Amino acid sequence: EKIREQLKMGSMEQVIDAIGDAVSTLILFSVEAEENNTVLTNLDQGTMVIQQCVELLLGVVEENAVKIKDEPDIQSRMLTTCGEIRTATSGIVTSARALSADPMNQNAKRNLLEVCKNLLQGTVKELHVYDKYTIYKIIRSAERALIKVDETNRVRTLEQINAVARELANSIVEVCQGVAARVKEIPDPILKNKLLSANQNLKTQSPRLIKAVADAIPNPNDMSKSLTHSEIASDLKSNLR
């Protein structure tokens, strides 16, 4: 349940860490057994944890991958890596079963180490691809928001304001949520502060933009109101870019 909640919050790295911890434990047991020529036992719980974590992880990744129809390269890499991870996980289960049947099976011990390594490599690769996907989502949301900012220049009635305001707000929320989740993974404090500052400006400036548009409708010839609208729109675009 904890892992499921982490995935819901977009904490892919924490879930992969959980898989890594379980795999590392298996590797440690396997290496110790190999060095000491001892029986390798009690693998069932470790392999079960790995299976559960992997299936939860891949379920989310594959669900997101099918939505990326306009980025076939990212989609293909996400799904291909999912296949590699499943193959490695299946290999871990097979090796663990072989060792349960014959705890001194040297081939199974070596195979277990190999497939554990493959699983770790696959999850790291998936993390990198998924990171590109999260950035892709933020960029697409920002592009939609930029279009809505431009559309405010063509608003002439209160009815039009309502539609544009709703769509602009939705796009800004998507951008802000995406950035807020992404900055948690950024170690550079300067970049992190820059993104958080831009996020805050988006939250405050978007309602001001709609108000400026509304104020300008009954006064189309008032250049000061038009200038206010242009300045706020320019500031929003700067933060979105």
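Colleague: Which residues is Leu43 in contact with, leaving aside neighbours within four places in sequence?

Modeller: Leu43 is in contact with Leu26, Ala96, Leu99 and Leu112, where contact means heavy atoms within 4.5 Å. This is a predicted model, in which local features need pLDDT of at least 70, side-chain atom pairs count only at pLDDT 80 or more, and totals for chains, interfaces and linings use all residues. Residues are numbered from 1 along each chain as its sequence is written, and side-chain values use heavy atoms, with hydrogens and water left out.

Colleague: Where is Leu43, and is it buried or exposed?

Modeller: Leu43 sits in the loop between α2 (12–36) and α3. Its relative accessible area is 4%, so Leu43 is buried (buried is under 20% relative accessible area, exposed over 50%, partly exposed in between, with a 1.4 Å probe and protein chains only). The C-alpha atoms of Leu43 and Ser95 are separated by 9.8 Å, and the two residues are 52 apart along the chain.

Colleague: Back up a bit. How many helices and strands are there?

Modeller: The protein chain has eight helices and zero strands. Both are DSSP runs numbered from the N terminus: helices are H or I with at least four residues, strands are E with at least two. Of the 241 residues in the protein chain, 37% are buried. Among contacts between residues at least 6 apart in sequence, 72% join residues at least 24 apart.

Colleague: How do α3 and α5 pack?

Modeller: Helix α3 (residues 44–65) and helix α5 (residues 106–151) pack at about 30 degrees, with axes 12 Å apart. That makes α3 roughly parallel to α5. Angles under 35 degrees count as roughly parallel, over 145 as roughly antiparallel, 65 to 115 as roughly perpendicular and the rest as oblique. The axes are lines fitted to C-alpha atoms, for helices over the stretch in contact, and angles run from 0 to 180 degrees between N-to-C directions.

Colleague: Which residues make that contact?

Modeller: From α3 there are Ile50, Val54, Leu57, Val60, Val61 and Asn64, and from α5 there are Leu119, Thr123, Glu126, Tyr130 and Tyr133. By class, the contact of α3 with α5 has eight nonpolar, two polar and one charged residues. Here Ala, Val, Leu, Ile, Met, Phe, Trp, Tyr, Cys and Pro count as nonpolar, Asp, Glu, Lys and Arg as charged, and the others, Gly among them, as polar.

Colleague: And α6 with α7, at what angle?

Modeller: About 170 degrees for α6 and helix α7 (residues 189–216), with axes 10 Å apart. The two are therefore roughly antiparallel to each other. The residues that meet include Leu168, Ile172 and Val175 in α6 and Leu195, Leu202 and Leu209 in α7. The residues of this contact divide into 16 nonpolar, two polar and two charged.

Colleague: Different topic. What does the side chain of Ser141 join?

Modeller: The side chains of Ser141 and Glu174 are joined by a polar contact of 3.1 Å. A polar contact is a pair of N or O atoms within 3.5 Å; within protein, one must be able to donate a hydrogen and the other to accept it, and residues adjacent in sequence count only if both atoms are side-chain atoms. Ser141 is in helix α5 and counts as buried at 5% relative accessibility. Not counting residues up to four places away in sequence, Ser141 touches Ser171, Glu174 and Val175.

Colleague: What about Thr152, where is it found?

Modeller: Thr152 is in the loop between α5 and α6 (158–183), and is buried with a relative accessible area of 3%. Its side chain reaches the backbone oxygen of Val149 at 2.5 Å. Leaving aside neighbours within four places in sequence, Thr152 is in contact with Val164, Leu209, Val213 and His229.
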